Amino acid sequence: MEPKNHMSVPRVAIIGRPNVGKSTLFNRLAGSRIAITDHTPGVTRDTVESPVYIDPYTCLLVDTGGYVEGNEGFDSLVRERSLTEARRADLILFLLDVTELTPADEEVADILRRYSDKVIVAVNKVDSKKRELLLPEFYALGFPVVISFSAAHGLGMEDVHEALTEQLKRLGHSPDSSIVKSEDETELTAENGPVRIAILGKPNTGKSTLMNRLLGEDRSIVSDVAGTTRDIVAGDFTFKGREFVVMDTAGIRRKRSVNDSVEYYSVNRAVQAAEDCDVAVLVVDAVEGLADQEKKIAQVIIRRGKSIVIALNKWDRLKDVPNLLQAVQDRIAFVFPILSFAPVIPISALEGDGVSRLLNMIGHVHSEANRRIDTGLLNRKLSEWVDRTQPPVVGRGRLKFRYITQVGVQPPTFVVFVNREHGVPEQYTRYIINSIRRDFDFTHVPVRLELRARRG
């Protein structure tokens, strides 16, 4: 797996202690609510990225977890991730709260002085004349560029844009308007665009480890504590010449286990990722085995018509028993028939075993979900299926299946015109779906079938 090269796109990192408004500023610049915002300090843990257009530059904007004092829990992990981003960034927005300049702010300032040529001191929450009087102490930090604004109210955002533009120009970055589309530019289709993967599952199954393995870098914080990931962490890479976008999501827990507003929002983000992806990777802890919660997650995915690949993580921890994988696959099909079509790939995200096979399967599933079948061929097959197994008699007469056509992909969706749409036994509908699967090799994806009445 090769991470995509963003070297030509300037990287702008937002650095600062918790609760100064980093995620609010990130969302304001990105133009949408990508990062979770909450009054609880330390909500953002992983870095969150988004391309933004700061006229005339395309930038990669990075929201960090913030510089956290202390060495307990996630503090040191979050702090080191933030400092790594400071080193990598082409430009740093050093975010401060105008209402207080704390020892933690001073500590961050000391660290960032070695990068002073690429630092913009950004003083947030300046939304009144009274607060403007507090600005001189921030100039005293000694950085050459200081701006003030209010991210929450959108005040002074033109100054933020202007400062970013001026500093990017000073640092020699080339203007790039590629993010702006002309009116006649066509959107990428699912078939020629990147494959969008959402990594879903219960907490602590290895989702973030898999994310980092795919990207070839530590993008998601990995911890044994359930619920480490809160925001959607996204990145892109290429595999065998094909582009992929991958999203690591918060672990989805049972509703009664979701007991705070931040986690509730995180779970909603994970569900949204299932909505936005092409292929969902359901990560299951092979040691613990499949549980009812995975079935509920799968239902969320399938309800949205998405394809699923099951990644049995930590497979290397199991004893080498003959036919173990086949036994696991058979159990999944028997206990959770809703997942009977989903391919099962054993992996070790930590060691990298099976990850290439997982990506090969994701690529195959994506192609399968986008396959279109010629209408003439479909109707020849429909005649064969009906001749092989006659439709049942319903009411006063026999059902007649007149015509079939494919009306959509992702998932493959078909419409069959019948003489009556009500009263068709589910078993016969299932027979038609299974025939479509078998004869057109829709083996690993959900298939939808709609019945419409047509008289005559």
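Residues count as buried under 20% relative accessible area, exposed over 50%, and partly exposed in between (1.4 Å probe, protein chains only). The model in these views is predicted, so local features need pLDDT of at least 70 and side-chain atom pairs pLDDT 80 or more, while totals for chains, interfaces and linings use all residues. Numbering runs from 1 along each chain as its sequence is written, and side-chain values use heavy atoms, with hydrogens and water left out.

**View A. A patch of negative charge on the surface, with Glu 158 as one of its members.** Glu 158 sits in helix 6 (residues 157-170), and it counts as exposed because its relative accessibility is 53%.

**View B. Phe 237 and Phe 244, a stacked aromatic pair.** Seven aromatic pairs turn up across the whole structure. Rings of Phe, Tyr and Trp (its six-membered ring) pair if their centres lie within 6.5 Å; planes under 30 degrees apart are stacked, over 60 edge-to-face, the rest tilted. Here the centres are 5.2 Å apart and the planes 5 degrees apart. Phe 237 and Phe 244 are both buried.

**View C. Phe 401 and Tyr 428, a tilted aromatic pair.** The rings sit 5.2 Å centre to centre, with 55 degrees between the planes. Phe 401 belongs to strand 16 (residues 401-408) and Tyr 428 to helix 13 (residues 426-440), so the pair links parts of the chain 27 residues apart; helices (H or I, at least four residues) and strands (E, at least two) are DSSP runs, numbered from the N terminus. Phe 401 and Tyr 428 are both buried, and together with Tyr 431 they make one aromatic cluster.

Definitions and conventions:
Patch = residues over 30% accessible without salt bridge, like charges linked within 9 Å, V, L, I, M, F, W, Y side chains within 5 Å. Areas by Shrake-Rupley, 256 points an atom, 1.4 Å probe, with all protein chains shown as cover. Salt bridge = Lys/Arg side-chain N within 4 Å of Asp/Glu carboxyl O. Lys, Arg positive; Asp, Glu negative; His and termini not counted. Charge placed at Lys NZ, Arg CZ, Asp CG, Glu CD.
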